[in-house]
Amino acid sequence: MWTEQQLRAGIDNLTLDQLVGQTLCYSTGSFTDEQYDQLVRRTMPGSVFHGMVTEERKAALMRSQNKYCPVPTMFVADVENGTGAVAGGVSLPYAMAWGAADDPDLIRRAHHAVALRCRQDNLHMALAPVVDINYNFRSSVLNVRAVSDSPDQVIKMTRAAVDGFQQDNVMAACCKHFPGDGMDERNQHFMTTVNSMSREEWMDTYGRVYREMIKAGTMAIMVAHIALPAFDEKIDDYLGYPPATLSKNLMTGLLKGELGFDGCIVSDALSMIGACSMMPSERLAVEYLKAGGDMLLFPLPSDFDCIKAAVESGELPIERLKDAVLRIWRIKNQVGLFDRTEPIQDRAESEISSLAQEIAEKAITVVRDADGLVANVKLKPGDKVLHVCSFPDTKNAKDTQLSTIEEELKSRGIEVTTKINPGHYEIKACIDDFDYVLVSICFNTMNNGGGSMRISWSNAMTMWRAYLLKNPRVIMASFGDPYKLYDYPYMRTYLNCYDNSANTQRAYVRLLTGEIKARGKSPISFDGFFERETD
C-alpha cells in the first residue's frame, strides 16, 4: 500500500488532463464501444460505473481503460442490495428487511460475501449502503430502500453493511444520500428536494447517522440533489436553496468541516433534474468541484473541457483539483488498485443466496392478526388457494411478478389459482371455491413509476363491494411498501415482507405452511396503524 507521501508525489506528476480525468466516473451505458474508446482516449476517466453489462461489453470497456489510462481504473456499481445490480447477480432483500431482521452480524456477513463476489467482477466501490431515514411514509424514492425511521436502527444495520463491504479492504462503501432523504415525499430524480429539519433536529438524526458512518471508516459519501435550508442560503427567490451537490456550505462546511469527513465525496448522478435544473450544464461540474465535491458521477464528455478551462483560468484552484484526486486515490490505494498482491477470496453466488434467504425469513413481520389466522395457519396438500396479486399500473409492473409463491405452493401439493388485479365480479364468481385467499400487494421503489406508492382504481376494484372479504381466511401481505394498511385499513390480517425477491416469496410460503415462524420486528412506526417494535 502506498504511503500518503507517495500518493501526493504521484498526483504531482500527473498532467492537468490526467488530473481532470481522475475525477470523472462515466456511465458506460451512455456510449457505444467505439464512442467510449474515443472518449477514454481523450479524457482518461479515473472511474467507471458498471450496471447490467455483458461480459463481452465489460471486456471491451476494460480494454479501452487499460489502453489509454495511466492510473488503474476504479469500477463502481449500485450494489444497494446484493449483486443484483450487475449482470447475473443475486439480490439481497431491500434494506428495510435488514431492519426487520435486526441481526447486524447477518447483514455484515452478507455484505462481505457480496463484496468478495463483486471483486471477482472487478468492482471496487459499492454506491451503498443507503443511510437515509424514512420519516415520510409517502416517499416513493426511498421507502423500503431505507432500513428504518429510527436513526438508531439505521446506524446499527448500515454500519454492519459498511463493515462487511470494507472488511479486509475488499471493497469501498459509499454511504448515501447526504444530507439525507426521507423527509420530502418528492423524488430528487425529478427536482431538487428538501430536507426541512432544523439544525438541532438534523444534527440529532441525520447528522448522528453520518457521524457514526464516518467513525466506522466509510471510504466515501454520496452527496445528493437535496437541499438543507437550515444550514444554507437561497440561490434566489425562484430556485430556492441549492442541492448539496452545489453547496459549499454543505459539502465543505458541514460534511468535511463540522462532521470531519476526510474521505471522498461522490456526486449523485449529475444527469438528474435535481442538479441540472439548478445550473447551466457547462457550469455544473465546475461548481460541484468548487463547492468541495470530489468524484463526478455520470458527467457529460464536455465536462472534461469545462473543468480544464476553469483550472487554466484560475477559477478552480489547482490545489482543489489535486485534493479531489487525492481523496479518490486514497480509496484506490485502500482497495489495492496500486499494488495489491494477495488474491481476493472467491465467493459463490450460492452463498449470497443462502444469506439472502436467511434475511428474508427473519424479516417477515406480522403487523395485524386480529383473528389469530397467521398464528395458526398451516397450509397443507389439497388446500385450495386463491392468490390475488395487486400490482401498480405502470410500465414496470412486469417486474413485480410473484410467480415464486405459486410455484412453491404447488410444489407442496397445494392447488393455486392466481389472478392479477382482478375486478370485483371476477372475485364474486369464484371466492366461495377456495379455502384461503392470499392477497399479495407489490408496490416498491422500482416499479411504482417514481412519483407515488398509492393504489389506483384497478387495485381498488378488486375490493369493490367487499366480495373478497367474504372468505374468513384472507391474508394480506405487502412485498414492498410497508405502509399498505393506509390504503387497506379494513384488512384484519396483514404482514410486511418488504421485498418481492424469490427468496422473500419462498420465505412467505414457508411461513404459511408452518415451516418457519414470523420473527420480524417492525423497523418503522405508523401512527394509527402500528408501532415500531423495540427490545
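Which element gives the most to the lining of the second largest pocket? The first point answers this; the model under discussion is predicted.

1. Helix H14 (318-334) and helix H1 (4-12) are the elements that give two or more residues to the lining of the second largest pocket. The greatest contribution comes from H14, with 5 residues. The volume of this second largest pocket is about 230 Å³. Its lining comprises 16 residues, and those nearest the centre are Met 219, Gly 263, Arg 330, Ile 331 and Gln 334. By class, the lining of the second largest pocket has 7 polar, 5 nonpolar and 4 charged residues.

2. The largest pocket has a volume of about 1300 Å³. A total of 48 residues line the largest pocket, with Asp 78, Glu 80, Tyr 94, Arg 145 and Met 446 lying nearest its centre. Two elements, strand S5 (172-178) and H20, each give two or more residues to this lining. H20 gives the most, namely 4 residues. The lining of the largest pocket divides into 24 polar, 15 nonpolar and 9 charged residues.

3. Across the whole structure, 21 aromatic pairs are found. One of them joins Tyr 486 and Phe 529 in an edge-to-face arrangement, with 6.2 Å from centre to centre and 70° between the planes. This pair links distant parts of the chain, 43 residues apart: Tyr 486 belongs to the loop between strand S15 (474-478) and strand S16 (493-496), while Phe 529 lies in the segment after helix H20 (502-512).

4. How is the pair formed by Phe 526 and Phe 529 arranged? The pair is stacked, because the ring centres of Phe 526 and Phe 529 are 4.7 Å apart and their planes stand at 20°, where planes under 30 degrees apart count as stacked. Phe 526 counts as buried because its relative accessibility is 7%, and the limit for that class is under 20%. Phe 529, at 26% relative accessibility, counts as partly exposed. Tyr 486 is likewise partly exposed, at 30% relative accessibility.

5. Which residues form one aromatic cluster? The cluster consists of Phe 137, Tyr 483, Tyr 486, Phe 526, Phe 529 and Phe 530.

6. Lys 484 lies over the face of Phe 443, at a distance of 5.0 Å from the ring centre.

Note on methods
Residues are numbered from 1 along each chain as its sequence is written. This is a predicted model: local features need pLDDT of at least 70, side-chain atom pairs count only at pLDDT 80 or more; totals for chains, interfaces and linings use all residues. Side-chain values use heavy atoms; hydrogens and water are left out. Rings of Phe, Tyr and Trp (its six-membered ring) pair if their centres lie within 6.5 Å; planes under 30 degrees apart count as stacked, over 60 as edge-to-face and the rest as tilted. Buried means under 20% relative accessible area, exposed over 50%, partly exposed in between (1.4 Å probe, protein chains only). A charge sits over a ring if NZ of Lys or CZ of Arg is within 6 Å of the ring centre and within 35 degrees of the ring normal. On a 1 Å grid over the protein atoms alone, a cavity is a set of points where a 1.4 Å probe fits but cannot get out, and a pocket is an open set with protein on both sides within 12 Å along at least five of seven lines; lining residues have an atom within 4 Å of a point. Grid points are joined across faces, edges and corners, and a volume is the space filled by probe spheres set on the points. Ala, Val, Leu, Ile, Met, Phe, Trp, Tyr, Cys and Pro count as nonpolar, Asp, Glu, Lys and Arg as charged, and the others, Gly among them, as polar.
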